[in-house]
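Thanks for coming. I have a few minutes on one structure, so please look at it first.

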Amino acid sequence: CSDPDLIKFQVSTKVTDLLDQAGLSYEIYSNIKANPTIENVQTGVAAFKKSGADYIIAIGGGSSMDTAKAIGIIIANPEFEDVRSLEGVAPTRKPCVPGTAAEVTINYVITDVERKRKFVCVDPHDMPIIAVVDPEMMSSMPKGLTASTGMDALTHAIEGYTTKAAWEMTDMFHLKA
């Protein structure tokens, strides 16, 4: 799963080149919007099934990762294929399809275009097997995207520091960020 801009700027090739070198086949799913929709997830589930894939690799930011998490959960728990039923803490029973995504949260956000709202899904079963954080990937991105990504990271750090749920350990990480 990768968003169209990362394909356009050939950022995803850093990963696909490694897959090619290892002789691993793959298909790219990039029908992902900046705020992934129910339709993005459902077409991703269909693409995963059609490809016969064994795992998911999310390349990019939150949108790619959120989409990959939802796809992985639905593949393992098909009773949630409507996507809306994942809202809140869904009673999934099986871990998501193995893969990579955001390693630090059990949350993802999906946009319900029809109802004009976003909803948060919280599921400990969506944790990836591995996460690779490569700051060098940003070096090939346009300056504006790099700057907005930096501001997004700063905003998350400030939110984490100022939340009522903060404590000494998390404060240390947020201040360092």
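Predicted model: local features only at pLDDT ≥ 70, side-chain atom pairs only at ≥ 80, totals over all residues.

Residues are numbered from 1 along each chain as its sequence is written, and side-chain values use heavy atoms, with hydrogens and water left out.

Some terms first. Helices (H or I, at least four residues) and strands (E, at least two) are DSSP runs, numbered from the N terminus. Buried means under 20% relative accessible area, exposed over 50%, and partly exposed in between, with a 1.4 Å probe and protein chains only. A nonpolar core is a set of buried Ala, Val, Leu, Ile, Met, Phe, Trp, Tyr and Cys residues joined through side-chain atoms within 4.5 Å.

The largest nonpolar core has 25 residues, and V41, I71, L86 and I110 touch the most other members. Two or more residues each come from α3, α4 (62-76), β3 and β4. The largest share, six residues, is from α4. Apart from this core lies another, of seven residues, including L6 and M137.

What does I71 touch, not counting residues up to four places away in sequence? The list is C1, Y29, V41, G44, V45, F48 and I56, where contact means heavy atoms within 4.5 Å.

Next, the hairpin. Strands β3 (residues 107-112) and β4 (residues 117-122) run antiparallel and are joined by six bridges; two strands pair if DSSP finds at least two bridges between them. D112 has R117 in β4 as its bridge partner. Four residues separate the strands of the hairpin, and K116 in the turn has a positive phi of about 55 degrees.

Now T37, in the loop between α2 and α3. T37 counts as buried because its relative accessibility is 5%. Leaving aside neighbours within four places in sequence, T37 is in contact with I110, T111 and V113.

Last, the second largest pocket. A pocket is an open set of points on a 1 Å grid over the protein atoms alone, where a 1.4 Å probe fits, with protein on both sides within 12 Å along at least five of seven lines; lining residues have an atom within 4 Å of a point. This one is lined by 23 residues, with Y26, E27, I28, A53 and Y55 nearest its centre. The largest share of the lining, four residues, comes from α3.
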